[in-house]
Amino acid sequence: MQFAMLEAGGSTFTLRRAERGDLAALVALIAADSLRAAEEAASADELEPYERAFAAIDADDAQTLTVLEAPDGRVVGTMQLSLIPGLARRGAMRMQIEAVRVSEELRGLGLGSAMIEWAIGHARERGASLVQLTSDARRADAHRFYERLGFAASHVGFKLFL
C-alpha cells in the first residue's frame with residue numbers, strides 16, 4: 001500500500017507499507033545505526049526474530065511499519081507507527097513513532113522531515129490527539145531535528161530490559 005510520494009534532492013521517493021520482502025533491507029537499516037550496531041550486528045544475518053516481529057506488526061491494525069523506497073527501488077528509510085489508546089488526557093489516542101531511519105547518504109535532503117510530517121498527518125487521520133516519540137539521550141542531532149519539527153522534550157524516559 002502506497003502512502004505518499006516524497007520529493008527530495010530532485011528525486012521522488014515512495015513512502016509505503018512494509019512488506020515481508022523488505023525485511024532484510026529494514027534489518028540492514030537498523031543495524032547501520034551506530035548506537036544499535038553492536039546489538040543488531042550479531043543477528044543481522046539471522047532473520048527469524050525479525051520475521052516473528054514483522055508478522056506481529058503486520059497483523060495488528062494499530063501498527064504501521066513504513067518503507068521509504070528510492071526511485072531505483074532500494075529501501076532507504078523506515079519508521080514504525082503505533083496507535084495507543086489510553087484513559088489519560090480524557091481518553092486520548094496517541095501515536096508513537098519508533099525506529100526512524102534514513103540511509104546515511106540521503107540525510108540532509110529533507111526526507112526525515114517529510115516522513116515525520118506524513119506520520120503526524122496519519123496520526124490525525126487515525127484519531128490521535130498526541131504524537132510522541134523517544135530518542136536515545138546520546139542523539140543530540142536527532143533531538144535538534146525533532147525540536148525543529150515542533151516536538152518538545154517534555155518527559156524523561158525510563159527503560160527496564162527483560
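Hi everyone, a definition to start with: contact means heavy atoms within 4.5 Å. We will need that for leucine 6 in a moment.

What you see above is a predicted model, where local features need pLDDT of at least 70, side-chain atom pairs count only at pLDDT 80 or more, and totals for chains, interfaces and linings use all residues. Residues are numbered from 1 along each chain as its sequence is written, and side-chain values use heavy atoms, with hydrogens and water left out.

Let's begin with the overall fold. The protein has 6 helices and 6 strands, where helices (H or I, at least four residues) and strands (E, at least two) are DSSP runs numbered from the N terminus. Along the sequence the order is β-β-α-α-α-β-β-α-β-α-β-α.

Now for dimensions. The radius of gyration, taken over C-alpha atoms, can be set against a globule rule of 2.2 Å times the number of residues to the power 0.38. For 162 residues a compact globule would come out near 15 Å, and the protein has 16 Å, which agrees. Along the principal axes, the C-alpha atoms fill a box of roughly 45 × 40 × 35 Å. Among contacts between residues at least 6 apart in sequence, 57% join residues at least 24 apart.

On to the inside. Buried means under 20% relative accessible area, exposed over 50%, and partly exposed in between (1.4 Å probe, protein chains only). Buried residues account for 38% of the 162 residues.

Which residues have the most contacts inside the largest nonpolar core? They are Leu6, Phe13, Leu15, Leu68, Met79, Leu111 and Ile116, in a core of 29 residues. A nonpolar core here is a set of buried Ala, Val, Leu, Ile, Met, Phe, Trp, Tyr and Cys residues joined through side-chain atoms within 4.5 Å. At least two core residues come from each of strand 1 (2-8), strand 2 (11-17), strand 4 (75-85), strand 5 (93-102), helix 5 (111-125) and helix 6 (140-148). Helix 5 gives the largest share, 8 residues.

Back to leucine 6, as promised. Setting aside neighbours within four places in sequence, leucine 6 is in contact with Ser11, Thr12, Phe13, Leu15, Leu68, Leu111, Ala114 and Met115. There is also a second, separate core of 12 residues, with Phe54, Leu65, Val67 and Val75 among them.

Not counting residues up to four places away in sequence, threonine 14 touches Gln2, Ala4, Met5, Val67, Leu68 and Glu69.

Thanks, everyone!
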